[in-house]
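The following exercises concern a single protein model.

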Amino acid sequence: MKTEILKINDKSIEKAKKILLSGGIVGMPTETVYGLAALGTDGEAVKKIYEVKGRPSDNPLIAHVHKDFPIEELVFVNNDYAFELKKLFTPGPLTMVFESKGKVCKEAVCGGDTLALRIPSHEGCQRLLKAVNAPIVAPSANLSKHTSPVTAEHVRRDLDGKIPLILDGGKCTGGIESTVLDVTGKIPRILRAGLITREMIVKAVGSCEIAEHKEGDRVRSPGVKYRHYRPNCETALADSAEEAEALYLQCVKDGKKPYIMCDGENAEKLKGYNVLNLGNTGEEIASNLYDKLLEGERVADEIIAISFNREDGVYLGIMNRLRKSCG
Ligand code: TXA
Ligand code: MG
C-alpha cells in the first residue's frame, strides 16, 4: 500500500472521511500527538488499528468528537464537575473517562463499560471530526512501545506502507498526550498525567486525585502498565548534569556517539557536548520532548536524559514520559 501525506484542507479531509466511512484507517494531527484514526462504530476498522500498531488487545482507545457533539449520546455524565471541566478545558488536551452507553464498538473499549472521550483543539482535526460527525477512535500513531509522533513525517517513519493516508497538520504544539481523567467517581482521578495538570483541575473543581499503580492492582488505565515511548537507540536517565557528563564521557570512551537531552540551562552548562535542548518552561519542554527523542534516535547511539527532579504542574506528565522513554 502506498502511504500518501496530504496537507490538511477541505479536499484531503473529504478523502480521509471517505476512507474512514469505508472501513479504513488514517493518520490525523491533534494538538498533543498524531493519532491513528478509525470510525468508532466500526469493529473491523478498529481491529486494523491494533494490528498495524502491534498494540496489546487489552488497552482501550480514546474516542474523539468535535466540540459541538452531544457527548451524552455516548456516555452517562454522572458528576456535575465533569461539565465544568468540559467547559473550562475542552476543546483541548483533556480526556475524560465516563460510563459508556455502548455506542462505540466493544473492540475499541476492549469489552469494558467505560469510554474515554476527548475533544481535541487542533483546528484541522476539529474540521475532520465535524465532517465525519461521529466518534473517531485513535491511539497515538506510532508502533506500540515507540515514541509518539508529533509530525506527519514521524508517522510515516513508523507506518509507511501500512496506511493509505496521513493528514499533515504541522508539528503538534502540545507535544505529550492528553491528561486521562477518570470522572466516574465523586472526585476526579488522573490516570495519565498530561498538559491539563492536577493543579488546574483542583483550582477548577476543588479536588483531584492521582491514581497510583501498585503491583497487583487492577489497572484502571491499561496503557500505563506497558513499556512505552522508547526511541530506537540506547538511553539513560541521569539525576544531574554532572552524572550525565560522566555517562557521556564513558560512552565516548566505549566508541559510542552520545547526546545529552536536557533543559536550556543545562544545555548552556554542557556547551561543547552533543546536546538535544528541550527549552526552558514546562510547556516548551513538553512540546519538544518527543520531537527531540525522535531526532536523537537518528543521530545518537545513546540518549542521556537529565531528570528535571520535579513533579509539579506539567512536570508530572513530563517525568512520567521521561522515565518510561529513557529510564
Ligand atoms: O493525546 C492523546 O490522548 C492522543 C491523541 C491521538 O488524542 N491519544 C493517545 O492515545 O494518547 P493512546 O491510545 O496512545 O493512549 C490512550 C490512553 C491509554 O493509557 C489507555 O489505557 C487509556 O488512555 N484509556 C483509554 N480508554 C480508557 C478507559 N475506558 N478507561 C481507562 N483508560 C483508558
Ligand atoms: Mg500511545
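**Exercise 1. Strand pairing around S11**

Strand S11 and strand S12 (residues 209-210) run parallel and are joined by 2 bridges. The model is predicted: local features require pLDDT of at least 70, side-chain atom pairs count only at pLDDT 80 or more, and totals for chains, interfaces and linings use all residues. Residues are numbered from 1 along each chain as its sequence is written, chains are lettered from A and ligands numbered from 1 in the order in which they are written, and side-chain values use heavy atoms, with hydrogens and water left out.

Task: identify the bridge partner of Arg189 in S12, and state in which sense S10 and S11 pair.

Solution. 
Step 1. Strands are DSSP runs of E with at least two residues, helices are runs of H or I with at least four, and both are numbered from the N terminus. Two strands pair if DSSP finds at least two bridges between them.
Step 2. Within S12, Glu209 is the bridge partner of Arg189.
Step 3. Strand S10 (residues 179-182) pairs with strand S11 (residues 189-192) in the antiparallel sense, over 3 bridges. Ile190 of S11 is the bridge partner of Leu181.

**Exercise 2. Geometry and faces of H1**

Solution. 
Step 1. Buried denotes under 20% relative accessible area, exposed over 50%, and partly exposed in between (1.4 Å probe, protein chains only).
Step 2. At the N-terminal end, Asn9 caps H1, a side-chain oxygen lying 3.1 Å from the backbone nitrogen of Lys11. Just after H1, Gly23 has a positive phi of about 90°.

**Exercise 3. Nonpolar cores**

Task: state which residues touch the most other members of the largest nonpolar core.

Solution. 
Step 1. A nonpolar core is a set of buried Ala, Val, Leu, Ile, Met, Phe, Trp, Tyr and Cys residues joined through side-chain atoms within 4.5 Å.
Step 2. The largest core has 72 residues, of which Phe98, Leu117, Val137 and Met261 touch the most other members. Helix H11 (residues 315-326) provides its largest share, 6 residues.
Step 3. A second, separate core contains 18 residues, among them Ala16, Ile19, Ala37 and Val132.

**Exercise 4. Backbone exceptions**

Task: locate the cis peptide bond and classify Cys110 by its accessibility.

Solution. 
Step 1. The cis peptide bond joins Thr90 and Pro91, with omega about -5°. Pro91 lies in the loop between helix H3 (80-89) and strand S6 (94-100).
Step 2. Cys110, a residue other than glycine, has a positive phi near 55°. With 30% relative accessibility, Cys110 counts as partly exposed.

Technical notes. A polar contact is a pair of N or O atoms within 3.5 Å; within protein, one must be able to donate a hydrogen and the other to accept it, and residues adjacent in sequence count only if both atoms are side-chain atoms.
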